[in-house]
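Good morning, and thank you for making time for this presentation.

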Amino acid sequence: MLDCVVIGAGPGGLVSTKELLERGFSDVLCLEKSSSIGGVFANSYDELELTSSAVFSMFSDFWIGDGNAHKFWSKSEVIQYWTDYAKHFDIFQKIRFGANVTSVNQNEDGSWKIQIADEADIICKHLVLAVGNNNEPRLPEWTTKLTSVEYIHAKNYKNPDNLIGKRVLIVGGGESASDIALEVSKVAKQCWVSLRRSTGWVTPRIRGKQAADIATHRGAWMLPRSYGAKLSKLIIKSDKAANDPTLDALVDLNERVTEKHGIWGTYGTKTIALPEAMAKYGCKIIGEIDVVENGGHDLKSSCGAELADVDAIIFCTGYKTYIPFLPKHLREIDARRLYKHIFLPSLGDRIAWVGLARPAFGSQFPIMEMQARYCSHVFSNELKLPDPESMDKTTKQDAHNYNDQFEHSATSIPSLVDYFIYMNSVARIIGCTPPIYRYLLTRPGIWLKLIYGPMQGTQFRLRGRGAKTDTALAIIKKIPVSTFNHVVKAGLIGRLKFALPLPRRANPK
Ligand SMILES: Cc1cc2nc3c(=O)[nH]c(=O)nc-3n(C[C@H](O)[C@H](O)[C@H](O)COP(=O)(O)OP(=O)(O)OC[C@H]3O[C@@H](n4cnc5c(N)ncnc54)[C@H](O)[C@@H]3O)c2cc1C
C-alpha cells in the first residue's frame, strides 16, 4: 500500500506532490492521464495570457527570475515555470503519465483502491484529488434550441479564425469571456456579450508600469469587508478621472456591481479586454438571453436587445464540479461542504481536494500551495484535523460568511473564496502567518513589502511549519511594492475611518 496518491499533474498536483515529498513521504505517486504537465493550460486557447501576474502566481519558494515581477505569463511560459519547478524539486520521478484513473473506491480499512485503464489497481492510504475544476462545461438549457447555429464552450475555443466577418454572441462575463470577446470583436462583423448580472469587478492586468494585482496587498485588503462599497467608489472616481474611453467602458461595467460590499462582494475579472472590445471594436453588452428563435439565428435578451442572423455562440458559462471516477456520493461535491474547501469532515484525513477554492482576487496557485501544505502536515500527523463535528461547525460558519459576503456569486461560483481571508485562515491553522509586527520593529524594509507588496505565497514561508526563512527573505526583497496609487490612498482613508492599528487587522476572521 502506498502512503499517498495524487491524481492530476496540473499545478495543484505538482505542488501537492512536492509538499508531500518535503514532508518526508517517499512513497508518493502522482497519476496523470495526459502525457505532460500543465493541466488546463496545456489545452486552452492559443493566446491565453494569465490574469494573475508572475509574482502573484509563483509558488512561494521558487523565484520567477529577475525582471519578471510585472510579467503576465503566456501558457507556454507558465508551463516552462512549472517544468523548471518540477525539475528543481525532483517531482517528475514521482509522476506516472498516461495513467487515466477510471474509478476510485474506499476499502473497509479506509484505504483507497484506484483503478487505472489497462493497469493493475493501486492501493493508497491518503488520496489527493487535484483534477481541476474546469473539466465539465456548464451550459444553459436553451442550448437544446440551437439547431442552426454553431456553438461551443470556452473550453473548446482556440482562436477566432473561423469567426471572421461573422455575427457572434458570447455568453458570460468572466475572464475567459472578456479575453475571447476582444479577440472575436477584432475580426467579427458584430460581437455581443450577454450578461446575467455583471462581469464581476473588472480591473486591468497592468496599471502604469505595474502589475495591477500588486494592489491585492494587506494595506487595503486587511480592512473590514464593509469598506468594500467605499473602496469601489474611490476606484471608480479615479478611473473616471482618467478620461480614457477604455476606462470609461470599464467604469460602465463596474457600475453594474450592486452587491453591498462592491468590489469585495463579487469576483474579480482581472483583464481590461472587454472594456477595450467595447471602446475600440464596437462590442455590445446585452442582458440574459430569454427568447431563442430560428434554431438560434434570432435571439432576444432581457434588456430588449434583438439579435438577428447570429452565426455563432461561445458559452463562457463556467464549469460544474464533477469528478466522474469517484463513488457516486462524492462526484459532485459542494466545495462549501468541505472543511476549508479541502477535507470532507466524515472522511477525515483520508482524502483531500486541492483546487476547489477559487479566489475572487489574487491567484489560485498560492491557494493550492497552501492547501497542499496543510494536507502534507495532516497526512504526516504533524497536524491533527479537528473532530468531524467541529469541522462541520466551522465549515457551516465559513459557508455562511461567504454567502453573506458574495451574495449571488457565492452560489453561482460555489468554490469562490476571499483570497485574503482564506489564506490567512489556513495559514493560522498551519501556524505560518508572517510576523508582521516583528518586522515593523526590526526590518521595516521587509515590513513594507509585507504590507504594500502583493500578498503572495512567499510571505507564508517566513516562520512556522514549512518555513524557509532565508529563501523567503531573499525572494521578498525582490518583490515589488505598490506605487502610492489610488488603492493605497483608499486603504489609508479606510484605516483612518476604522482607526485600527495595522497588526491587529492582519488576520481578520
Ligand atoms: C482558461 C483559464 C485560465 C486561468 N487563468 C488563471 C490565472 O491567470 N491565474 C490563476 O490563479 N488561476 C487561473 N485559472 C484557474 C486555475 O488556476 C487553473 O484552472 C489551474 O489550472 C487549476 O489547476 P489544477 O491543477 O487544479 O487543475 P488542472 O490544471 O485542470 O489540472 C488537472 C489535471 O488532472 C488531470 N486529470 C483529470 N482527470 C484525470 C484522471 N481521471 N486521471 C488522471 N489524471 C486526470 C488532467 O489531465 C490535468 O492535467 C485559470 C483557469 C482557466 C480555465
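First, the conventions. Residues are numbered from 1 along each chain as its sequence is written. This is a predicted model, in which local features need pLDDT of at least 70 and side-chain atom pairs count only at pLDDT 80 or more, while totals for chains, interfaces and linings use all residues. Helices (H or I, at least four residues) and strands (E, at least two) are DSSP runs, numbered from the N terminus.

Let us start with the ligand. A residue is near a molecule if its C-beta atom, placed from the backbone, lies within 6 Å of it. The ligand is surrounded by 33 residues. The closest are Gly8, Gly10, Gly39, Gly132 and Gly355. Two or more shell residues come from each of helix H1 (11–22), strand E2 (28–32) and helix H10. H1 supplies the largest share, with 3 residues. For the classes, Ala, Val, Leu, Ile, Met, Phe, Trp, Tyr, Cys and Pro count as nonpolar, Asp, Glu, Lys and Arg as charged, and the others, Gly among them, as polar. The shell divides into 14 nonpolar, 17 polar and 2 charged residues.

A residue is buried if 20 or more other C-beta atoms lie within 10 Å of its own, exposed if 12 or fewer, and partly exposed in between, with C-beta atoms placed from the backbone. H1 is largely enclosed by the rest of the structure, because 10 of its 12 residues are buried. Among these buried residues are Pro11, Gly12, Gly13 and Leu14. What covers them includes strand E1 (2–7), E2, helix H3 (75–88), strand E6 (122–129) and H10. The expected span of a helix is 1.5 Å times one less than its number of residues. For the 12 residues of H1 that gives 16 Å, and the end C-alpha atoms are 16 Å apart, in agreement. After H1 comes Gly24, with a positive phi near 100°.

H10 (residues 364–379) can be described in a similar way. Its 16 residues should span 22 Å, and its end C-alpha atoms are 22 Å apart, which agrees. H10 is mostly covered, with 16 of its 16 residues buried. Just after H10, Asn381 has a positive phi of about 70°.

Now to the helix pairs. Axes are lines fitted to C-alpha atoms, for helices over the stretch in contact, and angles run from 0 to 180 degrees between N-to-C directions. Helix H7 (residues 245–254) packs against helix H8 (residues 273–281) at about 120°, with the axes 8 Å apart. Their crossing is right-handed; a crossing has that hand if the near helix is turned clockwise from the far one by less than a right angle, and is left-handed if anticlockwise. Residues are in contact if their C-beta atoms, placed from the backbone, lie within 7 Å. H7 contributes Pro245, Thr246, Ala249, Leu250 and Leu253, and H8 contributes Leu274, Pro275, Glu276, Met278 and Ala279. By class, these are 8 nonpolar, 1 polar and 1 charged.

The second pair is helix H6 (residues 228–241) with helix H17 (residues 486–498), at an angle of about 145° and with axes 10 Å apart. This crossing is also right-handed. From H6 come Lys230, Leu231, Leu234, Ile235 and Ser238, and from H17 come His486, Ala490 and Gly494. The classes here are 4 nonpolar, 3 polar and 1 charged.

Finally, the loops. Phe72 touches Glu49, Leu50, Ser53 and Arg205, leaving aside residues up to four places away in sequence. The C-alpha atoms of Phe72 and Ala211 are 8.1 Å apart, although 139 residues separate them along the chain.

Ser482 sits in the loop between helix H16 (469–478) and H17. Ser482 counts as buried, with 23 C-beta neighbours inside 10 Å.

Most residues other than glycine have a negative phi. Asp90, which is not a glycine, has a positive phi of about 55°, and is exposed, with 11 other C-beta atoms within 10 Å. Glu407 likewise is not a glycine and has a positive phi, of about 50°. Glu407 is partly exposed, with 17 other C-beta atoms within 10 Å.

Key
Two residues are in contact if their C-beta atoms, placed from the backbone, lie within 7 Å.
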